[in-house]
Amino acid sequence: MNIQTQIEQKIQQAMQPDFLEVVNESHMHNVPPGSESHFKVTVVSEQFNGKMLIARHRQINGILADELNGKIHALALHTLTLEEHFARGGKVAESPLCMGGGKA
């Protein structure tokens, strides 16, 4: 099973989010073709209601602890409540360029 699928399955199982999107952004970085090391993850869940951003990120980091311990180099998290997601029109920020030799 690839890392992207592992991420999707673990978050889905742990949180049953209202919306989940996992994007492999490794191709945007200076890594070998086919790499799975840089991901953008958007999670929309009522479990985030009343939680500060750091608590939301800690929750996802806990779910993905095994993957973060070596397989994943970068993880861009967008953790939103359903209300926040609707207020943004379902849009999240673009990931920044890689500072470690990213592709232009």
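**A quick tour of the fold**

This chain has four helices and three strands, where helices (H or I, at least four residues) and strands (E, at least two) are DSSP runs, numbered from the N terminus. Follow the sequence and you get the pattern α-β-β-α-α-β-α. Keep in mind that this is a predicted model: local features need pLDDT of at least 70, side-chain atom pairs count only at pLDDT 80 or more, and totals for chains, interfaces and linings use all residues. Residues are numbered from 1 along each chain as its sequence is written, and side-chain values use heavy atoms, with hydrogens and water left out.

**The whole chain**
- Of the 104 residues, 35% are buried (under 20% relative accessible area; exposed is over 50%, partly exposed in between, with a 1.4 Å probe and protein chains only).
- Take the contacts (heavy atoms within 4.5 Å) between residues at least 6 apart in sequence: 62% of them link residues at least 24 apart.

**Helix α2**
- In α2 (residues 53-63), the buried residues are R56, Q59, I60 and I63.
- Looking down the axis of α2, these buried residues fall within an arc of 90 degrees, so they line one face of the helix; the arc is that of the directions from the helix axis to the C-beta atoms.
- Here's the general rule: an α-helix has 3.6 residues a turn, so residues three or four places apart point the same way.
- R58 and G62 are exposed on the other side of α2.
- The buried residues of α2 pack against α1 (3-15), β2 (38-44), α3 (65-68), β3 (74-80) and α4 (82-87).

**Residue H78**
- You'll find H78 in strand β3, and H78 is buried, with a relative accessible area of 16%.
- Leaving aside residues up to four places away in sequence, H78 touches K40, V41, T42, V43, V92 and A93.
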